[in-house]
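Let's take a walk through this structure together, with the sequence and the 3D view side by side.

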Amino acid sequence: MTFAYLCVNILCRSAPQLYSHSAVTSWRLVAFRCKAFGDRTGAFFRTRAYSNNSETKKSSYLTMLSYSSQGKLVRNGQEKKLVICVEGNIASGKTTCLEYFSKTSNIEVLTEPVSKWRNVRGHNPLGLMYQDPARWGITLQTYVQLTMLDRHLSTISAPVRMMERSIYSAKYIFVENLYRSGKMPEVDFAVLSEWFEWITQNITIPVDLIVYLQTSPQTCLERLKVRCREEEKVIPLEYLEVVHQLYEDWLIKKTSFHIPAPVLVISADDDMQKMLHQYEENREKIIACHSSYFVI
Ligand SMILES: Nc1ncnc2c1ncn2[C@@H]1O[C@H](COP(=O)(O)OP(=O)(O)O)[C@@H](O)[C@H]1O
Ligand SMILES: Cc1cn([C@H]2C[C@H](O)[C@@H](COP(=O)(O)O)O2)c(=O)[nH]c1=O
């Protein structure tokens, strides 16, 4: 613990009235200086200051961040939790899988924030993207990236978290697809990539295991039709085939992008009954193989 850390900590406790805006502002400068001089407590100062003024709500998760030994921002007290990301094509059965595991005690599930993508302050970026990907792809994907980051950084309350997709697949599958298919202008792709690289280089995104629900694109098309989301009615089989190939290159062939965690592949073309059976068969691999996380 540094001298500066001790001084500010004592001030925080003994003089709460110092949480005036001007004091907060000057603490930010202290924080900035600490960071500039390589002091890992900088983030602590900054977040302590933020948490005591009107910006509290907007930066609530920042109050829990500090620097790791690698110099990345990391959420405090979440290190021993297990994070599993369930990946797969559109309508492959990810939500259904999460619903099944949500009945298990000690597991919390986080589904994709699709409702936000369909309604942000009265706008529907998901629908707009499907209508005109070249115009609205950047809009949707910027928002997807933000909401996925928010999901990754949200407080984990159970020993195990299962979440649907990740900030990685949003970039490696969907942004990549828009760009490669010529539907995303190069400048949009460059800006999104800069954001993505900054986030992943500066913030620890905890992922311990990827469960890949491997389906045929044809199965996904059938399930997509049953689910019948209005925005997705325009999705043809070819789109699902491209998404499938991007997933296969990333998680099976391992030839495209960095894989942030070990991958467990589950064949997911079977009917619901057989899938539930498969989930039970794989339960140990998903959770128990990480039991060392609980022996602390
Ligand atoms: N194994 C399965 N067999 C048949 N239908 C399924 C199966 N798993 C999911 N579904 C149905 O397919 C649709 C898409 O499933 P969902 O879990 O929402 O997929 P995702 O979250 O991957 O998009 C839903 O209507 C769901 O009830
Ligand atoms: C992550 C992500 C998703 N989308 C689209 C693809 C689908 O239409 C929905 C998500 O539905 P799913 O049933 O969970 O697959 O959102 C996208 O366009 N871009 C993305 O990054």
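This is a predicted model: local features need pLDDT of at least 70, side-chain atom pairs count only at pLDDT 80 or more; totals for chains, interfaces and linings use all residues.

By class, the shell around ligand 1 splits into five nonpolar, five polar and five charged residues. In total, 15 residues surround ligand 1, and the closest are Gly93, Lys94, Thr95, Thr96 and Arg223. To find your way around this shell, look for helix 4 (94–101), helix 10 (217–227) and helix 12 (272–286), each of which supplies at least two of its residues.

From the ligand, let's move to the interior. In soluble globular proteins, nonpolar side chains tend to be buried together. Here the largest nonpolar core has 51 residues, and those with the most contacts inside it are Ile84, Val86, Met162, Ile210, Val211, Leu213 and Val243. Helix 8 (residues 167–180) gives this core its largest share, eight residues.

Leaving aside residues up to four places away in sequence, Leu213 touches Val86, Gly88, Ser92, Gly93, Lys94, Cys97, Ile266 and Ala268. Two of these names, Gly93 and Lys94, are also among the residues closest to ligand 1.

Our last stop is Leu140, in helix 7 (residues 133–153). Is Leu140 buried or exposed? It counts as buried because it has 23 C-beta neighbours inside 10 Å, and the cut-off for buried is 20 or more. Setting aside residues up to four places away in sequence, Leu140 touches Trp117, Pro125, Leu126 and Met129. For a sense of distance, Leu140 and Leu240 are 100 residues apart in sequence and 18 Å apart in space, C-alpha to C-alpha.

Conventions:
Residues are numbered from 1 along each chain as its sequence is written. Chains are lettered from A and ligands numbered from 1 in the order in which they are written. A residue is near a molecule or strand if its C-beta atom, placed from the backbone, lies within 6 Å of it. Helices (H or I, at least four residues) and strands (E, at least two) are DSSP runs, numbered from the N terminus. Ala, Val, Leu, Ile, Met, Phe, Trp, Tyr, Cys and Pro count as nonpolar, Asp, Glu, Lys and Arg as charged, and the others, Gly among them, as polar. A nonpolar core is a set of buried Ala, Val, Leu, Ile, Met, Phe, Trp, Tyr and Cys residues joined through C-beta atoms within 7 Å. A residue is buried if 20 or more other C-beta atoms lie within 10 Å of its own, exposed if 12 or fewer, and partly exposed in between; C-beta atoms are placed from the backbone. Two residues are in contact if their C-beta atoms, placed from the backbone, lie within 7 Å.
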